[in-house]
Amino acid sequence: MTDPVADLLTRIRNALMRKKMSVSAPYSKLKHELVELLVKEGFLKDVKKVTKDFDELDITLKYYNDEPVIKELTRESKPGLRKYISYKDIKPHKGGLGIKVLTTSKGLMTDKDAIKQEIGGEVICRVF
């Protein structure tokens, strides 16, 4: 697998389209931090690390009035084309209703946190 983060986002998108309550994905530290950030921002309900034959993430999806909370979940920076951004160039996503997830020298954070801390980084994905 060349892009595990894109695989995670695709699993979440597909599960939301099929109205599943939860989805599982292979564990990695980056993916776990990404999903925890989405839980903290209110886009997902819960995440747990489960150990079976190998470590997995068990992600509980969030719905409101039988509609998924996440309307858009896209990968921004790809292995073939990395996208870096300065905190001065960060624009609000969907008028501030959505978020951009950045990986910085201080870990994963949202675009709003990156602007507050005046730190740029690689744009991982956009969520709305």
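The side chains of Arg-82 and Glu-122 come together in a salt bridge, with N and O 3.0 Å apart; a salt bridge here is a side-chain nitrogen of Lys or Arg within 4 Å of a carboxyl oxygen of Asp or Glu. This pair connects distant parts of the chain, since Arg-82 sits in the loop between E6 and E7 and Glu-122 in strand E10, 40 residues apart. Strands (E, at least two residues), like helices (H or I, at least four), are DSSP runs numbered from the N terminus. Arg-82 is partly exposed, with a relative accessible area of 40%, whereas Glu-122 is buried at 9%. Buried stands for under 20% relative accessible area, exposed for over 50%, and partly exposed for values in between (1.4 Å probe, protein chains only).

The model is predicted, so local features need pLDDT of at least 70 and side-chain atom pairs count only at pLDDT 80 or more, while totals for chains, interfaces and linings use all residues. Residues are numbered from 1 along each chain as its sequence is written, and side-chain values use heavy atoms, leaving out hydrogens and water.

Across the whole structure, a search finds 9 salt bridges. Glu-72 is buried, at a relative accessible area of 18%, while Arg-126 is partly exposed at 25%.

Glu-76 counts as buried, with 18% relative accessibility.

Attention can now turn to strand E1. This strand (residues 22-26) has a covered face made of Val-23 and Ala-25, and an uncovered one with Ser-22, Ser-24 and Pro-26. E1 runs antiparallel to strand E3 (residues 55-61), and 5 bridges join the two; strands pair if DSSP finds at least two bridges between them. Within this pairing, Ser-22 of the uncovered face stands opposite Thr-60 in E3.
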